[in-house]
Structures are given as structure tokens and as C-alpha cells.
Amino acid sequence: MHSAGRSTGMRGSRADQADQRRAELLEAARRVVLERGISSTRVADIAKATNVSGGLIHYHFATKDDLITAMLRSTIDGEVVRLGEIVRDSGPAVERLDRVLRFYIPRTRSDQSWILWIDAFAAGLREAVLQEILLELESAWIGALRQVVEAGVESGEFTCDDPQGAAERLDGMLDGLIIRYTLHPSVLSRKRVLEHARIAAAREVGLPRSAFPA
């Protein structure tokens with residue numbers, strides 16, 4: 001029994017070490033991609049950034065696509081968790097909708113997550129694996145917006161005949177505004193992006209702009 005317990009502990013320790021190594025490689029991939037871009041990043045670049053061999057990276061991730069996909073999915077997972085918390089939170093639906101909008105919009109144009117996603121949008125035109133994960137991200141955001149709008153309709157706070165359509169329109173508008181804000185901050189400020197979002201959201205759910213924060 002004692003020997004079996006020690007063996008199980010050793011296997012657990014090795015698994016923990018493997019998980020830690022994978023996390024380190026994912027973080028390194030994120031840093032390199034932010035610097036070089038998805039299309040220009042090579043496994044050799046990530047190996048150099050972590051001071052390991054390319055063979056070790058391929059031990060954990062069979063291909064570059066697998067590594068990049070895992071890195072992007074880890075980012076999605078964090079966003080989806082936070083979105084779920086906002087959607088399930090208590091309080092008026094208009095407050096939750098406003099929190100989703102504020103969470104959507106980056107605090108600064110140098111927000112790493114948005115730089116990563118803008119790069120992924122561009123690379124996704126030619127790489128099917130990125131198209132799939134981008135669809136996951138868009139579906140999560142649209143789903144969160146739809147759920148909040150539906151909750152507001154059910155509570156009588158909102159008037160909206162098509163919550164799914166409203167969510168898709170808000171999502172598409174925000175994507176375009178945020179890309180412009182990231183590329184041209186002197187033309188479009190975060191404050192103005194948020195104002196556009198609140199005006200559009202108010203129209204979608206049948207409320208005056210004054211129902212949202214000033």
C-alpha cells in the first residue's frame with residue numbers, strides 16, 4: 001500500500017510538472033505572438049523564448065497550430081468565465097448589459113487580448129484552425145449579450161423582439177469600433193466607443209440613453 005501510494009504521488013507530481021510546463025509554453029507563445037504576429041511566429045521562436053528545444057515543445061504540442069490554438073483557447077476560457085459571472089450576477093438587466101459592454105471594450109489601445117484577437121482575425125482569413133476558435137469567441141460574446149437581453153425582456157425591463165439579432169448587431173458594431181480605436185486612438189477614444197455602445201444598446205432594448213450610466 002505504501003509503495004502504491006508513493007507511485008501514485010510520483011505520477012501526480014509528473015503530471016503537475018507537465019501542466020506547469022504547458023502553461024509556461026502557452027505564456028511564451030502568447031508573448032512571441034504579440035511581438036511577431038501569429039503568421040510570423042515559428043516553433044523555434046517560442047523555443048528560444050523559453051530556452052528549451054523544439055522537440056520539447058512538440059512533445060507537448062504536436063504542431064504549431066496545436067500550440068497557437070491552445071494558447072488562444074486559454075484566453076477564451078478566461079473571458080468566458082468572467083462573462084458568465086456578469087450574466088448571472090444579480091441586479092437590473094440594464095446594469096448587467098452595461099457591464100458586458102464595458103468588459104468588451106479594452107481599457108487601453110495596448111490591451112494585449114485585443115491585439116491578439118485582431119491579429120487572429122487577420123490570420124484567420126487563411127487558417128481554418130483560427131476560424132474555428134474565433135467562431136467560439138464570437139459565439140460566447142453574442143451568447144452573453146443575448147442572455148442579458150433575454151433576461152431584461154423576461155423581467156419587463158427591456159422591449160426587444162429579437163434578442164439574438166440585437167446581440168449580433170451589438171457584437172459586430174463593437175468589433176469594428178474597437179479595431180478602429182486600437183489602430184487610431186487619436187480619432188476614436190474609449191469614452192466615445194462606450195458612448196456609441198450605450199446608445200446602440202439602448203435602442204436595441206427599447207430604453208432611452210439616460211437609462212445607462214452617464
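Which helix does Arg-190 lie in? Arg-190 lies in helix 9. The views below come from a predicted model.

**View 1. Arg-190, a buried charge without a salt bridge.** Arg-190 of helix 9 is buried. The nearest side chain of opposite charge is Asp-111, 8.3 Å away. The Arg-190 side chain instead reaches the backbone oxygen of Pro-106, at 2.8 Å. Arg-190 also touches Arg-102, Ile-105, Arg-107 and Tyr-181, among others, leaving aside residues up to four places away in sequence.

**View 2. The start of helix 6.** One of its side-chain oxygens comes to within 3.1 Å of the backbone nitrogen of Ser-113.

**View 3. Helix 6 along its length.** Helix 6 covers residues 112-123, twelve in number. At 1.5 Å a residue it should span 16 Å, and its end C-alpha atoms are 16 Å apart, which agrees. Its buried residues are Ser-113, Trp-114, Leu-116, Trp-117, Ile-118, Ala-120 and Ala-123.

**View 4. The largest nonpolar core.** This core has 62 residues. Ile-57, Met-71, Leu-72 and Leu-97 touch the most other members. Helices that each supply at least two residues include helix 1 (2-36), helix 4 (64-88), helix 6 and helix 9 (190-204). Helix 7 gives the most, with ten residues.

**View 5. Leu-72 and its contacts.** Leu-72 is one of the core members with the most contacts to other members.

Key: Residues numbered from 1 in each chain as written. Predicted model: local features only at pLDDT ≥ 70, side-chain atom pairs only at ≥ 80, totals over all residues. Heavy atoms only, no water. Helix = DSSP H or I, 4+ residues; strand = E, 2+ residues; numbered from the N terminus. Expected span 1.5 Å × (residues − 1). Buried < 20%, exposed > 50% of the residue type's maximum accessible area, 1.4 Å probe, protein only. Polar contact = N/O pair within 3.5 Å; in protein donor to acceptor, adjacent residues only side chain to side chain. Core = buried A, V, L, I, M, F, W, Y, C linked by side-chain atoms within 4.5 Å. Contact = heavy atoms within 4.5 Å. Lys, Arg positive; Asp, Glu negative; His and termini not counted. Salt bridge = Lys/Arg side-chain N within 4 Å of Asp/Glu carboxyl O.
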